[in-house]
Each structure stands twice: as C-alpha cells, then as structure tokens.
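Keep the sequence and the structure in view while reading.

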Amino acid sequence: MSVSVIVPARNVAGTVVDAVESALTQGPEVLEVLVVDDGSTDRTAVEVTRLAQRDARVRLLRSTERSVGGTRNVGAADTWGSTTTSLR
C-alpha cells in the first residue's frame with residue numbers, strides 16, 4: 001500500500017513545516033505529501049518549497065479554489081498513491 005497525504009493550506013507558514021514533517025514520519029507507506037496552497041499571501045509556498053528541496057516526497061500544488069474541499073479535490077486529482085488521506 002502507498003499513501004498520498006493531502007495538506008490543504010492557506011496562510012499557514014508558521015505551521016505547515018511541522019504538519020508536513022509529521023505526515024512524512026507516519027511510516028514507509030507515505031509515498032508523498034501534497035501541499036495544496038490555496039492562494040496564500042504569506043510564506044507558505046516558500047516553506048513548502050524548502051521542504052520539497054530536502055525530500056522528494058513533498059510536492060507543492062497551487063490552487064485558487066478558496067475552499068478546503070475544493071483545495072483537497074485539486075490534490076486528490078494529482079495523487080500517485082493507492083490510498084489518499086487529508087490532514088484537514
């Protein structure tokens with residue numbers, strides 16, 4: 001089994017690193033963590049990009065859905081794992 005973790009994000013630069021790192025430590029089944037940035041105006045994308053440079057399992061997607069559900073759907077449409085879950 002391989003798991004894709006979707007993290008909908010908007011203006012969460014202060015907490016996104018901890019959330020992604022926590023997801024990555026959940027076991028070898030975690031194939032990827034997709035952070036879907038929904039129009040952040042803070043440093044969310046910068047923080048996720050730094051993580052992605054250190055760990056190839058982290059990917060940043062951009063969205064303009066303006067809702068948690070819509071943002072989650074953007075991530076779900078681009079997952080590689082056999083199972084998908086979301087942190088929010």
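**Charged pairs and packing**

Glu-32 and Arg-59 form a salt bridge, with their closest N and O atoms 2.8 Å apart; a salt bridge here is a side-chain nitrogen of Lys or Arg within 4 Å of a carboxyl oxygen of Asp or Glu. Because Glu-32 lies in strand β2 and Arg-59 in strand β3, the pair ties together parts that are 27 residues apart in sequence. Strands (E, at least two residues) and helices (H or I, at least four) are DSSP runs, numbered from the N terminus. The model is predicted: local features need pLDDT of at least 70 and side-chain atom pairs pLDDT 80 or more, while totals for chains, interfaces and linings use all residues. Residues are numbered from 1 along each chain as its sequence is written, and side-chain values use heavy atoms, leaving out hydrogens and water.

Glu-32 is buried, with a relative accessible area of 1%, and Arg-59 is buried at 15%. Buried means under 20% relative accessible area, exposed over 50%, and partly exposed in between (1.4 Å probe, protein chains only).

Glu-47 is buried at 18%, whereas Arg-50 is partly exposed at 43%. Salt bridges that share partners also join Glu-32, Arg-59 and Asp-78 into one network.

How do helices α1 and α2 pack, in angle and distance between axes? Helix α1 (residues 16-24) and helix α2 (residues 44-54) meet at an angle of about 30°, with their axes 9 Å apart. Axes are lines fitted to C-alpha atoms, for helices over the stretch in contact, and angles run from 0 to 180 degrees between N-to-C directions. The contact (heavy atoms within 4.5 Å) is made by Val-16, Val-17, Val-20 and Glu-21 of α1 and by Thr-44, Glu-47, Val-48, Leu-51 and Arg-54 of α2.

Within this contact, the side chains of Glu-21 and Arg-54 meet in a salt bridge (3.2 Å, N to O). Glu-21 belongs to α1 and Arg-54 to α2, so the pair ties together parts that are 33 residues apart in sequence. Glu-21 is partly exposed at 32%, and Arg-54 is exposed at 61%.

Val-35 is found in strand β2 and counts as buried, at 0% relative accessibility. Among the residues that Val-35 touches are Val-16, Val-20, Val-48 and Arg-59.

Notes. Lists of a residue's contacts leave out its neighbours within four places in sequence.
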